[in-house]
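Hello,

Here is the structure I promised to send you. Have a look at it first, and then read on for what I found.

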Amino acid sequence: MESALNTNSIAFIGLCNEYCMAVENARETERADFIENMLRLLPRLYISATDLRVDTLDETDAYIDSALDEDYYDSVRRGMEELMGADDVYLEVFEEEMKYSDTPVAASVSESLADIFQALYNFINTIRDATDETVQVAIIGIRDDFRTYWSATLCNVLRALNRIRMNEND
């Protein structure tokens, strides 16, 4: 049976799976390899999520149920936090709170990556063994969530990871 998904949606699903596996296996990865992998995956996720289209459904409000429990989220986040060490914290200049504050806002690489992981994990869990229509509704949901929430997180953590990688080479 032929899938109603376009090639970009299929590629996005593959990237989501690859990202989730990389984050879940962070504890077993060398720090430099993990950072390098994130610097390759995050821009591809951004581009692919930006181009998500659903051709066969009317645009609708879509919601993706949460499948990731808090303990697993914390376990994944802690694994990345340990891997990043002192470089886990970075200053966030694009926070809305910065407009009204004289003090910088700190953010966490591991928490940012875990937040993206949560969105993608829930998406992957929703589409696993789902009908094409359910997958397409989930794609609308993840695309909308990307636009309103995790696109900014992705860009911010990408900047932080780039700084870490470039400073390690000096």
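Of the 170 residues in the chain, 42% are buried, where buried means under 20% relative accessible area with a 1.4 Å probe and protein chains only. Please keep in mind that this is a predicted model: local features need pLDDT of at least 70, side-chain atom pairs count only at pLDDT 80 or more, and totals for chains, interfaces and linings use all residues. Residues are numbered from 1 along each chain as its sequence is written, and side-chain values use heavy atoms, with hydrogens and water left out.

The secondary structure comes to 5 helices and 2 strands, in the order α-α-α-β-β-α-α along the sequence. Helices (H or I, at least four residues) and strands (E, at least two) are DSSP runs, numbered from the N terminus.

Now find Arg 77 in helix α3, which covers residues 70-84. Is Arg 77 buried or exposed? Arg 77 counts as buried because its relative accessibility is 18%. Leaving aside residues up to four places away in sequence, Arg 77 touches Ser 110, Glu 111 and Ala 114; a contact means heavy atoms within 4.5 Å.

Finally, the chain exposes about 9,500 Å², and carbon and sulfur atoms supply 48% of it. Accessible areas come from the Shrake-Rupley method with a 1.4 Å probe; for residues, only the protein chains shown count as cover.

Enjoy exploring!

Notes: Buried means under 20% relative accessible area, exposed over 50%, partly exposed in between (1.4 Å probe, protein chains only).
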